[in-house]
Amino acid sequence: MSEHGVMVVSAYETSAERFFETLRERGVDLVLDVRLRNTNQLCGFTKRDDLAYLVPALTGAEYVHDVQFAPSEELLGRYVHGKIGWDEYARGYRQLMDERGSVEAFQAKYGSYKMVALLGTGTRKRRSHAEALEKML
């Protein structure tokens with residue numbers, strides 16, 4: 001994304017006010033949800049169906065959930081349960097994205113947006129694959 005931008009936002013450890021203000025302040029025109037799971041109670045205000053309404057209503061941006069950019073169940077499970085660390089997780093995620101041709105797919109699907117916010121699951125204790133994706137793009 002040459003004259004365009006990509007940023008990471010987290011679905012966790014933030015208030016709805018701060019989350020939507022960040023999107024507006026950064027001029028986000030697409031929120032790309034790259035989470036594997038985005039419908040359970042832990043998602044709070046960032047559940048898929050809520051964001052499909054709230055993002056356009058509060059920011060004017062589009063919202064898309066695209067699992068092509070989500071980690072596999074197996075890889076995510078190993079990371080979340082402490083069987084692998086961040087470096088191995090990020091390496092496995094990058095390999096998965098390469099196998100899926102995800103960078104090219106991203107450019108084809110979302111390259112026309114000026115500022116894309118990759119919605120991940122980072123917390124103070126656990127990093128998100130959205131960080132690795134941001135670096136790939």
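1. A polar contact here is a pair of N or O atoms within 3.5 Å, where one must be able to donate a hydrogen and the other to accept it. In this predicted model, the side chain of Asp 33 makes such a contact with the side chain of Tyr 63, at 2.5 Å. Another polar contact, of 2.8 Å, links the side chains of Asp 33 and Arg 35.

2. Asp 33 belongs to strand β2. Its relative accessibility is 0%, so Asp 33 counts as buried.

3. Which residues are in contact with Leu 32, leaving aside neighbours within four places in sequence? They are Val 64, Asp 66, Phe 69, Phe 106, Tyr 110, Val 116, Ala 117, Leu 118 and Leu 119.

4. The axes of α3 and α4 come within 10 Å and cross at roughly 170 degrees. Angles over 145 degrees count as roughly antiparallel, and therefore α3 is roughly antiparallel to α4.

5. On the α3 side of this pair, Leu 75, Leu 76, Arg 78 and Tyr 79 meet Trp 86, Glu 88, Tyr 89, Gly 92 and Tyr 93 of α4. By class, the contact comprises six nonpolar, one polar and two charged residues.

Methods. Residues are numbered from 1 along each chain as its sequence is written. This is a predicted model: local features need pLDDT of at least 70, side-chain atom pairs count only at pLDDT 80 or more; totals for chains, interfaces and linings use all residues. Side-chain values use heavy atoms; hydrogens and water are left out. Contact means heavy atoms within 4.5 Å. Axes are lines fitted to C-alpha atoms, for helices over the stretch in contact, and angles run from 0 to 180 degrees between N-to-C directions. Helices (H or I, at least four residues) and strands (E, at least two) are DSSP runs, numbered from the N terminus. Angles under 35 degrees count as roughly parallel, over 145 as roughly antiparallel, 65 to 115 as roughly perpendicular and the rest as oblique. Ala, Val, Leu, Ile, Met, Phe, Trp, Tyr, Cys and Pro count as nonpolar, Asp, Glu, Lys and Arg as charged, and the others, Gly among them, as polar. Buried means under 20% relative accessible area, exposed over 50%, partly exposed in between (1.4 Å probe, protein chains only).
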